[in-house]
Amino acid sequence: MDTPQDKQYRKVVYLTFPPEASGKPLVCDLSRVHGLAFSILQARITPRHEGQMTIEITGPRDAYERGIAYLKDHDIGVVPVAQRISRDDDSCIHCGMCTALCPTKALSLNIETRLVEFDDETCSACGMCTKVCPVKAMEMLLENGVM
Ligand code: SF4
Ligand code: SF4
């Protein structure tokens, strides 16, 4: 049985690299050393200059915490990026695919109208719906001004 530590954790973070760390494959070590998956959302890295990168990290919570501590130990600045989900109501075709996997029930089918409703107050910004929506109506917005 999965323990809470085994559960997948997903976080977007903004990294700043001092010039001496810019050319090192420290972000790759999140995967190689700590077993985390990551995807680069944006990056501005030039060897021997200050760099910055926004990445999405996925993996067990304890591995995530070890990975972040590893980056900080190498003088990389780490700032969590607030996430918010928005729906483009004009694009949504109310297919209902997102309602089956939305963990907080922020997306739900209104039985009377047969329309899918989105409650942004309940949404935890986990991003699952953005991966299944066939018309890309669900969009992840990153705050803190880094995207
Ligand atoms: S981001 Fe997650 S919680 Fe929010 S609506 Fe999509 S699936 Fe539901
Ligand atoms: S998966 Fe996309 S199109 Fe389908 S109901 Fe959800 S938001 Fe609308």
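The model is predicted, so local features need pLDDT of at least 70 and side-chain atom pairs pLDDT 80 or more, while totals for chains, interfaces and linings use all residues. Residues are numbered from 1 along each chain as written, chains are lettered from A and ligands numbered from 1 in the order written, and side-chain values use heavy atoms, without hydrogens and water.

**His-34**
- His-34 sits in the loop that links α1 (28-32) to β2; helices (H or I, at least four residues) and strands (E, at least two) are DSSP runs numbered from the N terminus.
- Beyond neighbours within four places in sequence, His-34 contacts Asp-29, Ala-63, Arg-66, Gly-67 and Tyr-70, where contact means heavy atoms within 4.5 Å.

**Sheet**
- An open antiparallel sheet contains four strands in the order β2-β3-β1-β4; strands pair if DSSP finds at least two bridges between them.
- β2 (37-44) and β4 (77-80) are the edge strands, each with a single partner, so one side of each has no neighbour in the sheet.
- β2 pairs with β3 (residues 51-60) in the antiparallel sense through seven bridges.
- Ile-40 is opposite Ile-55 in β3.

**Ligand 1**
- Around ligand 1 there are 14 residues, the closest being Cys-102, Cys-123, Cys-126, Gly-127 and Cys-129; a residue is near a molecule if one of its heavy atoms lies within 4 Å.
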